[in-house]
Amino acid sequence: MKKRQVVLKQRSRNSNTSSSWTTTSSSATSNIRYVECQKNHAANIGGYAVDGCREFMAAGVEGTDDSLRCAACGCHRNFHRKEVNTEVVCEYSPPNA
């Protein structure tokens, strides 16, 4: 999971106040999941057949070569469809009057 925070400060264009600042803060969180396998097992004979594996399950612990191989179908993680869910949270504080 990746988390990023951005803080922006913007000066108000109001001529009545000399220094009025607005603060906007936002953070984004991404969650990556690998779902059904899309490897064509019949490509070498000119056909199309997938194995029916519905979700990637790592065959080993994180950081090893086996973590990139699916325990269910034996394919590399890249053959599984990547699904990215991103959540963005923005906070706004108005300028002081």
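Two residues are in contact when heavy atoms of theirs lie within 4.5 Å. The legends below concern a predicted model, in which local features need pLDDT of at least 70 and side-chain atom pairs count only at pLDDT 80 or more, whereas totals for chains, interfaces and linings use all residues. Residues are numbered from 1 along each chain as its sequence is written, and side-chain values use heavy atoms, with hydrogens and water left out.

**Figure 1. Overview of the protein chain.** Among contacts between residues at least 6 apart in sequence, 47% join residues at least 24 apart. The chain has three strands and zero helices; helices (H or I, at least four residues) and strands (E, at least two) are DSSP runs, numbered from the N terminus. Along the sequence the pattern reads β-β-β. Of the 97 residues, 16% are buried, where buried means under 20% relative accessible area, exposed means over 50%, and partly exposed lies in between (1.4 Å probe, protein chains only). The accessible surface of the chain comes to about 7,700 Å², and 47% of this surface belongs to carbon and sulfur atoms. Such areas come from the Shrake-Rupley method with a 1.4 Å probe; for residues, only the protein chains shown count as cover.

**Figure 2. The largest nonpolar core.** Six residues make up this core: Y34, C37, C53, F56, C70 and C75. A nonpolar core is a set of buried Ala, Val, Leu, Ile, Met, Phe, Trp, Tyr and Cys residues joined through side-chain atoms within 4.5 Å. Not counting residues up to four places away in sequence, C37 touches V50, D51, C53, C73, C75, F79 and H80.

**Figure 3. The aromatic pair of Y34 and F56.** The structure holds one aromatic pair. Y34 and F56 form this pair, with 6.1 Å from centre to centre and 65 degrees between the planes, an edge-to-face arrangement. Y34 belongs to strand β2 (residues 21-37) and F56 to the loop between β2 and β3 (80-93), so the pair links distant parts of the chain, 22 residues apart. Rings of Phe, Tyr and Trp (its six-membered ring) pair if their centres lie within 6.5 Å; planes under 30 degrees apart count as stacked, over 60 as edge-to-face and the rest as tilted. Y34 counts as buried because its relative accessibility is 16%, and F56 counts as buried at 14%.

**Figure 4. A charged end over a ring.** The charged end of K39 sits over the ring of F79, 5.1 Å from the ring centre. A charge sits over a ring if NZ of Lys or CZ of Arg is within 6 Å of the ring centre and within 35 degrees of the ring normal.

**Figure 5. The cysteines C73 and C75.** The structure holds zero disulfides, a disulfide being a pair of cysteine sulfur atoms within 2.5 Å. The closest cysteine sulfur to that of C73 is in C75, 3.6 Å away, which is too far for a bond. C75 is likewise in no disulfide, its nearest cysteine sulfur being that of C73. C73 is partly exposed, with a relative accessible area of 22%, while C75 counts as buried at 3% relative accessibility.

Figure 6. H80 lies in strand β3 and is buried, with a relative accessible area of 3%. Leaving aside neighbours within four places in sequence, H80 is in contact with Y34, V35, E36, C37, C53, E55, F56, C70, C73 and C75.

Figure 7. V88 lies in strand β3 and is exposed, with a relative accessible area of 54%. The C-alpha atoms of V88 and T29 are separated by 6.5 Å, although these residues are 59 residues apart along the chain. Neighbours within four places in sequence aside, V88 is in contact with S27 and A28. S25 is placed in strand β2 and is buried, with a relative accessible area of 13%. From C-alpha to C-alpha, S25 and C90 are 5.7 Å apart in space and 65 residues apart in sequence.

Figure 8. G52 is found in the loop between β2 and β3 and is partly exposed, with a relative accessible area of 48%. P94 lies in the segment after β3 and counts as exposed at 52% relative accessibility. P94 and T24 are 70 residues apart in sequence and 8.6 Å apart in space, C-alpha to C-alpha.
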